[in-house]
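Please look at the structure below and follow the text through it, one region after another.

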Amino acid sequence: NISKNLEKGIGFLNKGLGLGDAEAGLEIADIFYLGNGLEENHALAEEYWIRSWQLGDELAGFKLANYYYDDHIEKIQEALKIYTELIERNEFVGNCNLKLSKIYKRGIGGVIPDSARALKYLQAGAENSNVNCCMTLGLKYYRGDGVEKDVAKAIELLERVKDNDLFKQEVDVLLDKIITKEKTKPNIE
């Protein structure tokens with residue numbers, strides 16, 4: 001029987017944050033970022049993600065790094081540090097490796113493109129069975145794109161993530177195309 005009062009709620013969350021509750025800051029950041037009940041304010045969301053990350057909340061750090069990656073590439077160096085630290089903490093490892101791979105492949109935010117480094121992160125993400133890393137690396141092995149062509153490795157990587165609910169259909173289609181194409185390929189010796 002308590003009526004909704006967003007300002008009071010944010011006030012209590014701020015008190016919690018002031019007492020060291022990193023999750024409270026994350027909640028406030030999400031409110032401001034999404035505009036749940038008030039106008040979106042990404043600058044305030046960033047401030048709260050920073051405070052929560054500084055208190056050790058890994059999800060706040062991940063959201064902050066993604067915010068820089070998506071919306072503020074001028075802060076990509078900070079995103080690189082956060083992604084690297086999250087990997088060291090064994091948090092969001094596959095997704096962080098995927099983002100680092102993309103940053104170095106494309107040279108996002110002034111980062112010098114480095115295909116070898118991008119591949120290293122992609123492989124690390126695939127070792128962690130990140131579905132996007134496995135799919136991307138699988139296609140690279142299938143095509144011989146930046147790596148020696150290895151159809152068996154491509155299939156192994158795709159089969160590793162074929163039960164992923166989110167991308168099941170995409171993985172199934174890729175596997176089917178590769179296997180079908182390999183079966184119908186003429187054997188030239």
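Start with Asn-90, which counts as exposed because its relative accessibility is 57%; buried means under 20% relative accessible area, exposed means over 50%, and partly exposed lies in between, with a 1.4 Å probe and protein chains only. This is a predicted model, in which local features need pLDDT of at least 70, side-chain atom pairs count only at pLDDT 80 or more, and totals for chains, interfaces and linings use all residues. Residues are numbered from 1 along each chain as its sequence is written, and side-chain values use heavy atoms, with hydrogens and water left out.

Asn-90 sits in the loop between helix 5 and helix 6. Helices (H or I, at least four residues) and strands (E, at least two) are DSSP runs, numbered from the N terminus. The phi of Asn-90 is positive, about 65°, although Asn-90 is not a glycine. Most residues other than glycine have a negative phi. Ser-129 also has a positive phi, near 60°, and is a residue other than glycine. Ser-129 belongs to the loop between helix 7 and helix 8. With a relative accessibility of 36%, Ser-129 counts as partly exposed.

Which residues touch the most other members of the largest nonpolar core? They are Trp-49, Ile-76, Tyr-83, Ile-103 and Tyr-104, in a core of 33 residues. A nonpolar core is a set of buried Ala, Val, Leu, Ile, Met, Phe, Trp, Tyr and Cys residues joined through side-chain atoms within 4.5 Å. Two or more residues of this core come from each of helix 1 (6-18), helix 2 (22-34), helix 3 (42-54), helix 4 (58-71), helix 5 (76-88), helix 6 (93-106) and helix 7 (115-127). Helix 4 gives the most, with seven residues. Apart from this core lies another one, of 23 residues, including Ile-155, Leu-157, Leu-158 and Leu-175.

Neighbours within four places in sequence aside, Ile-103 is in contact (heavy atoms within 4.5 Å) with Tyr-69, Ile-76, Leu-80, Tyr-83, Ile-108 and Val-111. Asp-172 is 69 residues from Ile-103 along the chain, and their C-alpha atoms are separated by 28 Å. Asp-172 is found in helix 10 (residues 168-184). Its relative accessibility of 33% is why Asp-172 counts as partly exposed.

Helix 4 itself has 14 residues, which at 1.5 Å a residue should span 20 Å, and its end C-alpha atoms are 20 Å apart, so the two values agree. The expected span of a helix is 1.5 Å times one less than its number of residues. The buried residues of helix 4 are Ala-60, Gly-61, Phe-62, Leu-64, Ala-65, Asn-66, Tyr-67, Tyr-68 and Tyr-69. Helix 2, helix 3, helix 5 and helix 6 are among the elements that cover them.

Ala-22, Ala-24, Gly-25, Leu-26, Ile-28, Ala-29, Asp-30, Ile-31 and Phe-32 are buried in helix 2. Their cover includes helix 1, helix 3 and helix 4.

The next feature is the largest pocket, with a volume of about 290 Å³. On a 1 Å grid over the protein atoms alone, a pocket is an open set of points with protein on both sides within 12 Å along at least five of seven lines, and lining residues have an atom within 4 Å of a point. Grid points are joined across faces, edges and corners, and the volume is the space filled by probe spheres set on the points. Of the 15 lining residues, Ser-101, Lys-105, Leu-122, Thr-136 and Lys-140 lie nearest the centre of the pocket. Helix 6, helix 7 and helix 8 (131-143) each give two or more residues to the lining, and the largest share, five residues, comes from helix 6.

Lys-140 lies in helix 8. Lys-140 counts as buried because its relative accessibility is 14%. Not counting residues up to four places away in sequence, Lys-140 touches Leu-119, Leu-122, Asp-145 and Val-147.

Key:
On a 1 Å grid over the protein atoms alone, a cavity is a set of points where a 1.4 Å probe fits but cannot get out, and a pocket is an open set with protein on both sides within 12 Å along at least five of seven lines; lining residues have an atom within 4 Å of a point.
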